[in-house]
Amino acid sequence: MTQSLEVRGLAYAYPDGHQALYGIDLTVGRGERVALLGPNGAGKTTFILHLNGILHGGAGTVTVAGLDVRPGERDSLREIRRRVGVVFQDPDDQLFMPTVRDDVAFGPANLGLRGAELDARVTEALEAVGMTGVADRPPHHLSFGQRRRVAVATVLAMRPEILVLDEPTSNLDPASRRELADILRSLDVTLLLVTHDLPYALELCERSVVLSGGSIVADGPTPEVLSDEDLLRRHRLELPFGFDPRPVRPA
Amino acid sequence: MSSAHSHLLYRHGDSILHRLPAHAKLLALVGFMLVVVATPRDRYLAFAGYAVLLAFVAVAADVPFKFIATRMVVEAPFVVFAVLLPVISTGPRVDVLGLSLSEDGLLAGWNILAKGTLGVVAAILLAATTDARDMLIGLQRLRLPARLVEIAAFMVRYADVVVADMQRMRIARESRAFEGRRLGRLRVVAQSAGALFIRSYERGERVHLAMLSRGYAGAMPLVGHAPVARRAWVSVATLPLAAVGVAVVSGWFA
Amino acid sequence: MHVPDGFLDAPTSVATGAVAAAGIAVALSKAREELDERTAPLAGLTAAFVFAGQMINFPVGVGTSGHLMGGALAAVLVGPWTAVLVMSVVLMIQSLLFADGGLTALGTNITLIGIATVAAGWLVTRALLAVLPRRPASVVPAAAVAAFVSVPAAAAVFVLLFSAGGQASLPFGPLLGTMLGWHLLIGIGEALITGLTVSAVVAVRPDLVYAARDLRPTLKLRQADGTLINAAPSPAGTGRTDDHAGSRVGLRAVLAGGALAAALIAGVLSFLASGSPDGLERVAESEGFADSARDHAFGNFALADYGEIGGIPVGLAGLLGVVVTVIIGLAVFRFVRRRTDREENVSA
């Protein structure tokens, strides 16, 4: 069975010379839910930007659902960007159209959808996140949690195979956090969750990978990774006060 | 140039001209100007006629004459040139108010002044009734190469950011008692220019990454464009046709 | 100064329109090699920047001021072909949304401020980079000098256009002299602004400076097992991989840059040479300019149709001759380069 994601030997340095990734190997199977944990500056966002071909030029290969990410080839890049849906940390970076409907339609329109088919796709995505009621409002009039969900919808509208979320729970109130978790659980996609929110990782992802200093330092079932106090401490990860990962049944 | 640049000429409104599609207005404007520019410079009547036509357009566009007058500052440089021409041109001289001026230069100066001014007024009328986004859509409908429209779209988006930042930086400098003088001022402005460039780019870069991630490949998808009604084309064509009429009629009196 | 409507006569306007359209068409196809998907917003930002920069006035001499043109800056930041597109967009937006520059004169303005400045600026940049040390910082003096040259180069083209279609009889030599002199001063301001801006950008984000793309040292990557390898060069945008051609392109650019300078000088000198005796004669007459001088111009030269401006035909012919030589020279070099490329590929 083709893996959803295969990364081999990925290394990358920014133009000013600062190296961010030191040779990453990662394989994610179809339908898996993986949490990517790590401290600030570990290289998580840099890593994500390689998955859809935005960053390139270092060493190593990235293969998405059997398709190699090759930056020069326009057509395959478009297909890869359909397959890998990235939801960035700041929803305001992703909502740039006059209405919610326009924003959700942007992605599928770039893929060539028009007319009734486009409308149906937009409705489908908005329903998945429970935001059909605000379709004709400008995004900046929505609450932060609502903007987060709309941002997820803009990516879902492209029917991706892998959904990558960068810090999805940052700045969310507990109720919104709960709503987002329900949505993510209901989706039939491979999930890569980049987060500091360790309980969230435990709740949603059966597998966790720790990225620190540009390399992968741990890769295993989430309860095991989170129970390794030594590992967590070494890489500036901390469980919330009083939280014990072992008795909690993961999703 | 003067600071007339920093203020978009657009004037919000709901006149006939505001409602016409940008590409139609643009074509009408170009047609009008072609007639103006082709008119021989000694057909004084024709130029008067053109001015009258533009006055009608200004009324139809709901644009007050004062608005136009204050924004004509942009033509100052070529006015200076037009005024200098009679003085520095060669050719037979003519006495005007005690000054010996070149006859050819006078005609040439008049030519530049008349045609240039008509061009500026017409352009002001177009810009006052068309906002940036509609103008870009108009250019896209006129089949301007997609790459150019894309760069123009980003330019318009960034222009606000850059100009606003420049003003803010100027205020910050002057609040710290900086009095720009010649070369010294230039150096400070230029050094902050580089930082401004990077800051603006990085701000836009994040949004652009999000756009790329959703498959953006250079053209804003054109979703739903109403075809232009014939009535609109007719009303838009009246301007260049009237100009042709003026040119022909003035020929009879030349 | 942006040229207004009706400034130049119809044939010249149409000719510059054709030049502009051709220039843009070529730039569109070549720019694809310069731009990757991330550089379009960079081009838009550069356009916004040039637009904002043209608002900066600096004093030049007594009572007059000049402003930034930006062609050389654009060329250094986004590459020459994209720069032509950037400048064309700036001029288009200025004339459509700001009533600055006649719509019917767009071709002229693009030829002057879009193409002439970019061409001169880029050629000089490449020529200098070929001889300066191979470091990103070298782009700064190269850009500054390029900016300085680009302004009088545009002025010279302006004078040429005006002489062909200016509908006014101006004494040629003095006009050229004044324009060049004034624009050399403006060039100093342009050089300063361009140099300082480029220096600030190249210090922090060298990947945003097209002209520096071949000058950065290859990054070394440390793998997970500790070994060091080379990273592939990934600058702001090249689809091409002809880094090996760096030195040869440099030579060609040096020659092209030199040829351009030669053309300018030849054109200028021949104009001045033909203009000045007439100019002196004319100035000597207290009334200014006599009819006899005009008949004289009409009588002697084959290109007498341009005739009311004395001295042009000689100069024009001289300039045309140099231009033809330059074109032939460039063609020869391109041919040689392609031959050598093929030989290299065969032997590689």
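Is C:Arg213 buried or exposed, and what is its relative accessible area? I looked this up before anything else. C:Arg213 is buried, because its relative accessible area of 13% falls under the 20% limit. I note here that the model is predicted.

**Entry: the pair at C:Arg213**

I then checked the side-chain partner. C:Arg213 and C:Asp214 form a salt bridge, with N and O 3.8 Å apart. C:Asp214 has a relative accessible area of 26% and is partly exposed. I wrote down the cut-off for this pair, since 3.8 Å counts as a salt bridge because the limit is 4 Å.

**Entry: C:Arg205**

I located C:Arg205 in the loop of chain C between α7 (172-204) and β3 (220-222). C:Arg205 counts as buried, at 13% relative accessibility. I asked which residues of chain B it touches. With residues up to four places away in sequence not counted, the contacts of C:Arg205 are B:Ile198, B:Tyr201, B:Glu202 and B:Glu205.

**Entry: chain B against chain C**

I took the contact counts for this interface. Chain B contributes 77 residues and chain C contributes 67 residues. Together the two chains bury about 6,500 Å², and carbon and sulfur atoms carry 77% of that area. I looked for salt bridges across the interface of chain B and chain C, and the rule finds zero. On the chain B side, the elements that give two or more residues are α2 (22-38), α5 (76-88), α6 (103-128), α7 (132-141), α8 (146-175) and α9 (182-213). Of these, α9(B) gives the most, with 21 residues. I sorted the chain B side by class and recorded 52 nonpolar, 14 polar and 11 charged residues.

**Entry: chain B against chain A**

I repeated the steps for the contact with chain A. Here 14 residues come from chain B and 19 residues from chain A. The buried area is about 1,600 Å², with 63% of it on carbon and sulfur atoms. The rule finds one salt bridge across this interface. It pairs A:Asp103 with B:Arg214, and their closest N and O atoms are 3.2 Å apart. I also recorded four residue pairs in polar contact between chain B and chain A, both residues at pLDDT 80 or more. The side of chain B that touches chain A has 10 nonpolar, two polar and two charged residues.

**Entry: salt bridges within chain A**

I counted salt bridges over all chains and got 23. I followed two of them in chain A. A:Asp197 and A:Arg177 meet in a salt bridge at 2.9 Å, N to O. A:Asp197 sits in the loop between β8 (190-194) and α8 (198-204), A:Arg177 sits in helix α7 (residues 174-186), and the two are 20 residues apart. A:Asp197 is buried, with a relative accessible area of 15%. A:Arg177 counts as partly exposed at 22% relative accessibility.

The second pair is A:Arg178 with A:Glu203, whose closest N and O atoms are 3.5 Å apart. A:Arg178 is partly exposed, with a relative accessible area of 40%.

Conventions:
Residues are numbered from 1 along each chain as its sequence is written. Chains are lettered from A and ligands numbered from 1 in the order in which they are written. This is a predicted model: local features need pLDDT of at least 70, side-chain atom pairs count only at pLDDT 80 or more; totals for chains, interfaces and linings use all residues. Side-chain values use heavy atoms; hydrogens and water are left out. Contact means heavy atoms within 4.5 Å. Buried area is the accessible area (1.4 Å probe) that two parts lose on being put together, summed over both. A salt bridge is a side-chain nitrogen of Lys or Arg within 4 Å of a carboxyl oxygen of Asp or Glu. A polar contact is a pair of N or O atoms within 3.5 Å; within protein, one must be able to donate a hydrogen and the other to accept it, and residues adjacent in sequence count only if both atoms are side-chain atoms. Ala, Val, Leu, Ile, Met, Phe, Trp, Tyr, Cys and Pro count as nonpolar, Asp, Glu, Lys and Arg as charged, and the others, Gly among them, as polar. Helices (H or I, at least four residues) and strands (E, at least two) are DSSP runs, numbered from the N terminus. Buried means under 20% relative accessible area, exposed over 50%, partly exposed in between (1.4 Å probe, protein chains only).
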